[in-house]
Amino acid sequence: MRAAIARIEAGVPAAEVRAMRIGTVTPGPSPRRPGAARRGKRLVPLGSEGLDGLLGGGLRAGALHEIVPETARDEAAASGFALAMASRCLAGGGMLIWIVDDRAASESGDPYRPGLQAHGLDPDRMIVVRTHGADQTLWALEEALRAGAFTVLAELWGGQHYGLAPSRRLVLAARARGGTGLLLHAGLPGAATLSSGSETRFAVAAHPSPHLASAGGRMPIPGQAVFGVRLDKLRNAATDFDTSRIHPLVWTPEQRCFHDHDLSLGVAFSSADRSPEAARPRPQAQRRAKR
């Protein structure tokens, strides 16, 4: 993993940096970079006035942040929000290490380059690591943070190997090198009983998105992605906050930024995508209606 990071930082073409299996990575000492500890105090504004206000100005770098789906039906929304947050952390440059558990990949699929680009992520500045089980995922996340990676996103399936002690190791690794750890709890909706040392925890649900007009004035097409985000945990919060408040956030991939959802929602058309002429009752149906 460290060799792949070094090759990307040295400008080696992305085609030559291949995704790795965890079995090929061996632990070793991590060289310390000057000024890494100072990066942990950096804040990354998300773009939402409400959330940034609660967070004291933005997401704190050099810390561990958790993302959980609100319900089992919101796992795709939580995954999209985690990737959008990773893209936001990379807006000022840097690289992303994306650690994917085999179980999570079997449920949600493998990374798709055009989709990542449409979501605001540069696949050429990304390393994908596949792991076999939660224990390897946590080890890879800790090693990536200790290696000095700017942003690390890990998908962890289940919570049987995760708790206060493992999370503290991740917090210390992120704090020491100034990297930002994003831990997506796949397959663990709500995570109400989860105990950890993370800086924040965001519970994410799907939210209606604004519609865009389609050609010919037919059924509208989906617009920008919108997430219903609830701040479930914030360590050392300056003031008390309402953990039940939902913040609807619109993700703008072109700007790689969130903003508060203040767009009016269009009225959904009928479920059938057909012309007005096709929607009119047929003569036979009219005769039946008169009987």
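## A buried histidine

Histidine 185 counts as buried because its relative accessibility is 0%, where buried means under 20% relative accessible area, exposed over 50% and partly exposed in between, with a 1.4 Å probe and protein chains only. This residue lies in strand S8, residues 180-186. Helices (H or I, at least four residues) and strands (E, at least two) are DSSP runs, numbered from the N terminus. Leaving aside neighbours within four places in sequence, histidine 185 is in contact with Glu66, Ile67, Val68, Pro69, Leu156, Tyr162 and Leu194; contact means heavy atoms within 4.5 Å.

## Basis of the model

The model is predicted: local features need pLDDT of at least 70, side-chain atom pairs count only at pLDDT 80 or more, and totals for chains, interfaces and linings use all residues. Residues are numbered from 1 along each chain as its sequence is written, and side-chain values use heavy atoms, with hydrogens and water left out.

## The chain as a whole

The protein chain has 10 helices and 14 strands. Of its 291 residues, 45% count as buried. When contacts between residues at least 6 apart in sequence are considered, 75% join residues at least 24 apart.

## Helix H4

Helix H4 covers residues 75-89 and has 15 residues. From its first C-alpha to its last, H4 reaches 21 Å, close to the 21 Å expected at 1.5 Å a residue; the expected span is 1.5 Å times one less than the number of residues. H4 is mostly covered, with 13 of its 15 residues buried.

The buried residues of H7 include Ala134, Thr137, Leu138, Leu141 and Leu145. Just after H7, glycine 148 takes a positive phi of about 90 degrees.

H7 (residues 134-146) packs with H8 (residues 164-177) at an angle of about 20 degrees, and their axes are 8 Å apart. H7 is therefore roughly parallel to H8, a term for angles under 35 degrees. Axes here are lines fitted to C-alpha atoms, for helices over the stretch in contact, and angles run from 0 to 180 degrees between N-to-C directions. The crossing of the two helices is left-handed, meaning that the near helix is turned anticlockwise from the far one by less than a right angle.

On the H7 side, Leu138, Leu141, Glu142, Leu145 and Arg146 meet Pro166, Arg169, Leu170, Ala173, Ala174 and Arg177 of H8. By class, this contact of H7 with H8 has 7 nonpolar, no polar and 4 charged residues. Ala, Val, Leu, Ile, Met, Phe, Trp, Tyr, Cys and Pro count as nonpolar, Asp, Glu, Lys and Arg as charged, and the others, Gly among them, as polar.

## Two loop residues with positive phi

Asparagine 236 is not a glycine, although its phi is positive, at about 55 degrees. It lies in the loop between strand S12 (225-234) and strand S13 (247-252), and its relative accessible area of 75% makes it exposed.

Arginine 256 also has a positive phi, near 55 degrees, in a residue other than glycine. Arginine 256 is found in the loop between S13 and strand S14 (257-260) and is partly exposed, with a relative accessible area of 24%.

## Leucine 54

Leucine 54 is placed in helix H3, residues 49-54, and counts as partly exposed at 26% relative accessibility. Leucine 54 and alanine 237 are 183 residues apart in sequence, yet 7.8 Å apart in space, C-alpha to C-alpha. Neighbours within four places in sequence left aside, leucine 54 is in contact with Leu231, Leu234, Phe241 and His247.

Methods:
Parallel < 35°, antiparallel > 145°, perpendicular 65-115°, else oblique.
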